[in-house]
Amino acid sequence: MDVKVADNCGFCFGVRRAIELAESTLRAGEEAYCLGPLIHNPQVIERLIQRGFRVVGDPEQIPDGAKVVIRSHGVRPEVMDELRARDIDVVDATCPLVKRVQDRARELAREGYRVVIVGERHHPEVDAILGIAGPESVVVDGEVPDDLLRVRKVGVIAQTTQEGAALREVVHRLAEGMPDELRAFNTICSATVERQRSAVELAGQVDVMFVLGGRNSANTARLAEICAGIGVPTYHLETAAELDPTMVAGKRRAGVTAGASTPDWIVKELVSALSV
Ligand code: F3S
């Protein structure tokens, strides 16, 4: 089997930074909590848990005065306020590019725009942005609701891991309503764009594509959708252990890419399993 790995894949700088912050907190001998998984990769999280990291679902589960690492996706402002009010030591690992989207949301809401977020309603990054943009803001995940076409002042931003085409479609649709003002910011992060571009390039050269990453990872799921969308058989795996011989039967060239929260060791394991 001829195996090729995408030029751009795996850890992005935001994920690397979040892990480094978590690791340096643990190295200092501190017990560290995180609200929800730090990044969307269960294997990396498991390794951190073995070193003393505690992933909890609710701020109530964090004792007063403890140390908490904020996940790369960010949290709602009221959560941050609660943690600080309880004297909890906050290590903020929110990705700076996610922060940039949060800043845009805050600015648009302050200037009276109805904030439209192109993204997945239940994704933690989008939830945190919603908390900043306020109750009037709307998440668009697919079709633009007709009532948005009647809003006169609209500001559009996107979840960092969206596909450019999704943002473009929403902006075009909103423009059909002829609002008085329509401002749109391309807040899709460059790591996402590069990984999507490399995946498309590679998928066009192989007989089968493997996309590695957590099942809960939005950017990995998007990479798999994009590869499948260009017609190549595509499998989204978390690790090489999920590789099944039927996936490669009759295939000569395999492509491998990985989401932004997938570590190198997971990529290497799959490449060696495919190369046997
Ligand atoms: Fe940040 Fe983009 Fe990675 S938003 S966490 S650099 S995918």
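Start at the ligand: the space that the ligand takes is the largest cavity (on a 1 Å grid over the protein atoms alone, a set of points where a 1.4 Å probe fits but cannot get out; a molecule sits there if more than half of its atoms lie within 2 Å of the grid points). The model is predicted: local features need pLDDT of at least 70, side-chain atom pairs pLDDT 80 or more, while totals for chains, interfaces and linings use all residues. Numbering runs from 1 along each chain as its sequence is written, and side-chain values use heavy atoms, without hydrogens and water.

Next, select the shell (a heavy atom within 4 Å): C12, F13, G14, V15, C95, L97, V98, T160, C189, T192 and A260. Helices α1 (13-27) and α4 (96-110) each give two or more residues, with the largest share, 3 residues, from α1. The shell holds 8 nonpolar, 3 polar and no charged residues.

Then select α7 (190-203) and α8 (218-229), which pack at about 35° with axes 9 Å apart. Their crossing is right-handed. Show R195, Q196, A199, V200 and A203 of α7 against R222, L223, I226 and C227 of α8 (contact: heavy atoms within 4.5 Å). This contact has 6 nonpolar, 1 polar and 2 charged residues.

Notes. On a 1 Å grid over the protein atoms alone, a cavity is a set of points where a 1.4 Å probe fits but cannot get out, and a pocket is an open set with protein on both sides within 12 Å along at least five of seven lines; lining residues have an atom within 4 Å of a point. Helices (H or I, at least four residues) and strands (E, at least two) are DSSP runs, numbered from the N terminus. Ala, Val, Leu, Ile, Met, Phe, Trp, Tyr, Cys and Pro count as nonpolar, Asp, Glu, Lys and Arg as charged, and the others, Gly among them, as polar. Axes are lines fitted to C-alpha atoms, for helices over the stretch in contact, and angles run from 0 to 180 degrees between N-to-C directions. A crossing is left-handed if the near helix is turned anticlockwise from the far one by less than a right angle, and right-handed if clockwise.
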